[in-house]
Every structure is written in C-alpha cells, then in structure tokens.
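Here are some notes for a colleague opening this structure for the first time. Please keep the model in view while reading.

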Amino acid sequence: MTSPLPATAQIDASYTPPLPDGLAAGSRRIFQAHVDAREFTANALFAHLLWSGEFGVVGSAPNNFTVTLGTIAEVVLYAASTYKPFSYAGGTINQTKIEGGGGTLGVAADVWYVYAYNNAGSVDFEISQTAPNAARTIKNGDATRRYLGAFPTNGSGVPIALHAVRGRYVFRQAQTVLSGGTSTTAATVSLTNYVPTYATIATVELKLNRGTDASNRAAYLYGAASGSYATMQIDATNLSAANYVVRGRADVELDGSQNFAYSIDSSAGSASVDGFACGWLE
C-alpha cells in the first residue's frame with residue numbers, strides 16, 4: 001500500500017520550504033519530498049568514510065618523513081557549502097602537507113593528526129596538531145577536514161614509526177615509558193606523548209626484573225590508572241634466588257589523562273619493573 005506524499009517535512013532535520021517562484025501550489029507535496037530526500041542524504045552522508053583503514057608513518061627527521069594512506073573507496077568532503085564524494089587509490093604524503101606550511105613538525109614530542117579535505121575539487125590531505133572532534137570524524141572546529149589517523153613524535157620531533165589497520169596502532173619498536181619502577185602501590189605512568197588525546201585503550205608491555213631475593217615476585221598492570229582493576233599480573237618464581245626477566249603484554253584502559261598504573265609486590269633483591277608503550281586502539 002502506498003502512502004500519500006505529505007506537504008510538510010517528514011524527517012527530523014528537514015523543514016517546510018516556501019515554493020520557488022513559478023511552481024504551482026499543487027506541486028508542494030512533490031517539492032517537499034525532494035527537499036526531504038536531499039536533507040536526509042546530506043545528513044546521513046556527512047563525514048561518510050569507507051576505506052581500508054591502512055595507515056602508517058616512518059621518518060628520520062621532523063622535515064623528512066612519509067605517511068602511508070590506504071585505499072579510500074569513498075569519502076564525503078564538505079567545502080563551500082557543498083558536499084562532494086571522493087575516492088583515493090592509496091599513496092603517501094610527507095612534510096609538505098603540514099598545516100600552515102614550513103615543512104617541519106618542530107623539535108618536540110607531540111601527536112599529529114591527518115585529515116582529508118576538498119582542495120578546489122580534488123582530494124587533498126593535511127597534517128595538523130589539532131585533534132578531531134569527540135566523534136573522531138572531523139577536525140575539531142573545522143567541518144571541511146575529515147579525520148583519518150594520528151601519529152606521535154619523539155622529543156626530537158621525529159615521527160615514531162608505526163602501522164595501523166582500522167584503528168589498531170602498532171609501534172614498530174616499543175617505546176620505553178617506565179624504567180626501574182619499584183612502587184609497591186599503584187603508580188601512574190603517562191602516555192601523553194605516545195597516544196592521541198582521545199585514546200582510552202593502549203597496548204602496554206611490562207618487564208619484571210625478578211631480582212635476587214629468595215621469594216616469588218609479581219608485578220601488576222592496572223586499568224584506568226587505578227589500583228582497583230588488575231588488567232594483568234606477571235609472576236616470577238624463585239629459582240635459587242636467580243635474577244631473571246619475565247614479560248607480559250596487554251591492552252589496558254587509560255584514565256582521562258592517558259595514564260595507566262603499575263605496581264610490584266616488593267623491590268627486595270633489586271627487583272623492578274620496566275614499562276613499554278606498544279600502540280593504542282581508536
């Protein structure tokens with residue numbers, strides 16, 4: 001059974017427009033249906049992204065690096081009050097795409113974000129220090145930039161080599177974030193310079209240096225930087241008080257400041273814990 005075309009808006013985001021000059025009053029229902037369809041499509045496809053999710057970065061200096069972007073089947077970009085769909089076969093960009101020009105990331109540890117945008121009718125890319133909005137779809141405060149991915153830099157401004165697939169980021173080399181930790185209560189460890197501001201889950205590895213005390217030894221990884229949630233426990237059994245190493249890796253929840261927490265049951269016999277950031281999840 002068919003439904004009659006209404007003369008008023010039928011979707012939440014639409015409106016009832018005045019009839020254009022020269023259009024007969026009896027055409028209002030058809031005109032409204034076209035307006036509804038347009039508004040619905042525009043709202044449904046705003047910031048639409050369909051792509052492989054492949055993302056990577058490698059470099060040797062703040063002004064010498066390469067970002068790899070996988071195939072984009074479709075991305076809807078907004079510019080000059082219009083929406084336009086684009087596709088991208090995949091490829092690489094470099095320091096020439098840094099926002100504001102200059103061609104360098106600067107000499108500092110930071111996190112950078114990559115966006116796609118409509119550049120005079122062609123898809124182009126931007127590398128920016130501005131994070132995406134809460135939905136991780138567009139650049140915060142700029143609807144013309146569609147968010148794709150992020151990468152951190154070390155203290156010298158060199159991108160930390162990584163690869164990502166559909167939001168799971170893996171560092172090519174684990175980054176040291178804790179050395180010789182001996183706290184017997186939950187102690188926070190910051191990942192601020194290794195993960196984006198929105199990150200709530202990171203992949204962390206703990207290395208328990210057992211020490212020479214004649215006892216079993218244990219280290220703990222805590223979610224949300226709280227001593228209440230033991231995400232992982234690693235144990236080292238006493239073997240004639242020998243000093244040896246035990247490792248464990250887990251995805252851990254971060255707190256709102258991008259921290260996790262660890263502890264060790266005792267530092268007797270020079271026991272300690274090292275910690276490494278291995279990546280994060282979007």
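In which sense do β7 and strand β8 pair, and over how many bridges?

1. β7 and strand β8 (residues 122-128) pair in the antiparallel sense, over 7 bridges. Two strands count as paired if DSSP finds at least two bridges between them. Strands here are DSSP runs of E, at least two residues long, numbered from the N terminus.

2. A word on the source. This is a predicted model, where local features need pLDDT of at least 70, side-chain atom pairs count only at pLDDT 80 or more, and totals for chains, interfaces and linings use all residues. Residues are numbered from 1 along each chain as its sequence is written, and side-chain values use heavy atoms, with hydrogens and water left out.

3. β7 and β8 make a hairpin with 2 residues between them. In the turn, A120 has a positive phi of about 55 degrees. N119 stands opposite S122 in β8.

4. β7 also pairs with β10. The two run antiparallel, joined by 7 bridges. Here V111 stands opposite P152 in β10.

5. Strand β7 (residues 110-119) is mostly covered. Of its 10 residues, 8 are buried, that is, under 20% relative accessible area with a 1.4 Å probe and protein chains only.

6. The largest nonpolar core has 60 residues. Such a core is a set of buried Ala, Val, Leu, Ile, Met, Phe, Trp, Tyr and Cys residues joined through side-chain atoms within 4.5 Å. F55, V67, I127, F151, F260 and W280 touch the most other members. β7 gives the most to this core, with 6 residues.

7. Look at I127. Beyond its neighbours within four places in sequence, its contacts (heavy atoms within 4.5 Å) include V67, W112, V114 and F151.

8. The largest pocket holds about 240 Å³. A pocket is an open set of points on a 1 Å grid over the protein atoms alone, with protein on both sides within 12 Å along at least five of seven lines; lining residues have an atom within 4 Å of a point. A volume is the space filled by probe spheres set on the points, which are joined across faces, edges and corners. The pocket has 16 lining residues, and L49, W51, L148, G167 and E282 lie nearest its centre. β10 gives the most to this lining, with 4 residues.

9. The whole structure has 1 cavity of 30 Å³ or more. A cavity is a set of grid points where a 1.4 Å probe fits but cannot get out. The volume of the largest cavity is about 60 Å³. β10 supplies the largest share of its lining, 4 residues.

Methods: Buried means under 20% relative accessible area, exposed over 50%, partly exposed in between (1.4 Å probe, protein chains only).
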